[in-house]
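Student: Could you take me through one part of this model closely, saying what surrounds it and how it sits in the chain as a whole?

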Amino acid sequence: MITISNLSKSFAGFDAVRSVSLEVPEGAFLVLVGPSGCGKSTMLRMLAGLEKPTAGTIAFGGKTVSDGDRGWMIEPARRDAGLVFQSYALWPHMTVAGNVEWPLEVARMPPAERKARVAEVLRLLGIEQLAGRYPNEISGGQQQRVAIARMIAPKPRILLFDEPLSNLDAKLRVEMRTELLRIHRATGATSIYVTHDQVEAMTMATHVAVLRNGGVEQFGTPEELLATPRTAFVATFVGTPPANLIPVGPADGGVAFAGQPLAADFALAGPAQAMYRPESLAVAAEPGPRSLALDFAEATPVAGRIMVTGIKGALRLTAVVDRAPKFAPGDTVHFVIPAKPDALFTPEGEIMA
Ligand SMILES: Nc1ncnc2c1ncn2[C@@H]1O[C@H](COP(=O)(O)OP(=O)(O)O)[C@@H](O)[C@H]1O
Ligand SMILES: [Mg+2]
């Protein structure tokens with residue numbers, strides 16, 4: 001449905017997006033996730049036609065809509081794509097119904113059809129009772145629904161979202177995730193959703209692209225990213241909580257973990273980073289033959305289990321366990337390291353075979 005090929009965008013010599021290629025199937029909910037400044041909004045603005053690529057192409061349903069190599073693009077209004085930003089930008093002098101009707105008027109839909117479509121969309125978003133209100137007479141969450149209603153009213157085949165929930169409070173944000181997915185399914189559109197929040201990405205997406213410094217670090221389903229992270233960056237970015245990385249190196253009779261020699265089921269020729277998922281680690285109050293001593297940082301109950309975090313210098317480990325000794329500030333936590341890591345990465349963060 002959406003084909004992004006070698007897409008790049010530079011601003012005065014600064015590469016905000018670097019040769020991104022992605023295939024987004026029809027009906028997918030693709031999330032672009034990554035830290036602030038990694039190029040997410042620039043990607044979305046190019047998809048919307050608000051920004052011309054420096055190089056590469058974008059095609060919707062096999063039809064090229066942006067061509068950076070030839071320096072042209074189809075204007076936003078003629079792309080069959082709707083866009084919702086973090087700030088809702090509703091027309092303040094128009095009612096809720098007026099705001100939703102406006103893009104239909106622009107598209108020259110006949111008045112009777114327009115009214116019917118507005119009613120239908122307001123019903124889908126559960127805001128029909130707000131039709132006659134003005135934006136300053138409704139809450140932030142309601143304004144966000146109106147912005148989404150306005151976006152989907154003309155039935156775009158592609159929905160583009162740029163951090164649409166970040167201005168909402170935590171509870172509303174979680175409710176709106178479910179709501180947005182319902183709307184995505186009801187419209188049958190292909191959605192691209194930008195967020196810096198990996199939890200949002202992992203819970204909503206059919207496909208995730210992790211972006212870093214303008215490039216795609218990894219593209220896959222949430223399950224694939226968790227099961228087989230291809231880089232140390234992905235391993236420590238996704239997951240609740242994300243995986244642990246321990247610097248390791250060759251040592252006499254085993255492997256040195258953060259400088260401490262322990263017995264291990266693997267051998268190393270040089271320095272590396274060993275990944276352990278939080279559920280692979282155990283914690284103990286007393287040292288053992290395969291444990292690392294860290295300073296207790298915190299213990300948090302999560303869904304009937306306990307998440308224990310310890311810190312020592314640059315090393316920070318988190319274990320999720322069924323039961324744990326009672327730790328207090330100032331205590332030492334002994335993290336029990338399994339003989340085999342869940343994955344091994346080079347010091348630069350690339351996966352090792
Ligand atoms: N119009 C612009 N002019 C110059 N630099 C820009 C412009 N837009 C974005 N950038 C830069 O490109 C990088 C990516 O920005 P952006 O796509 O907004 O990141 P994100 O949405 O992931 O936070 C940032 O370093 C940002 O400062
Ligand atoms: Mg942004």
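Tutor: In this predicted model, the cover over the buried residues of helix α5 includes the strands β3 (29–33), β8 (158–162) and β9 (190–195), together with the helices α3 (111–125) and α4 (140–152). The residues that are covered in this way are L180, I183 and H184, the buried residues of α5. As a general point, an α-helix has 3.6 residues a turn, so residues three or four places apart point the same way. Just after α5 comes G188, whose phi is positive, at about 70 degrees.

Elsewhere in the chain there is an open sheet of 5 strands, which follow the order β2-β1-β4-β5-β6 with antiparallel pairing; its edge strands, β2 (14–24) and β6 (72–73), each pair on one side only. Strand β1 (residues 2–11) is joined to β2 by 7 bridges in the antiparallel sense, and S10 stands opposite D15 of β2. Across β1, β2, β4 (55–60) and β5 (63–67) lies helix α1 (residues 40–48), which runs at about 60 degrees to β2.

As for the whole, the protein chain has 8 helices and 21 strands, and 39% of its 353 residues count as buried. Among its contacts between residues at least 6 apart in sequence, 63% join residues at least 24 apart, and its C-alpha atoms fill a box of roughly 80 × 50 × 30 Å along the principal axes.

Methods. Residues are numbered from 1 along each chain as its sequence is written. Chains are lettered from A and ligands numbered from 1 in the order in which they are written. This is a predicted model: local features need pLDDT of at least 70, side-chain atom pairs count only at pLDDT 80 or more; totals for chains, interfaces and linings use all residues. A residue is buried if 20 or more other C-beta atoms lie within 10 Å of its own, exposed if 12 or fewer, and partly exposed in between; C-beta atoms are placed from the backbone. Helices (H or I, at least four residues) and strands (E, at least two) are DSSP runs, numbered from the N terminus. Two residues are in contact if their C-beta atoms, placed from the backbone, lie within 7 Å. Two strands pair if DSSP finds at least two bridges between them. Axes are lines fitted to C-alpha atoms, for helices over the stretch in contact, and angles run from 0 to 180 degrees between N-to-C directions.
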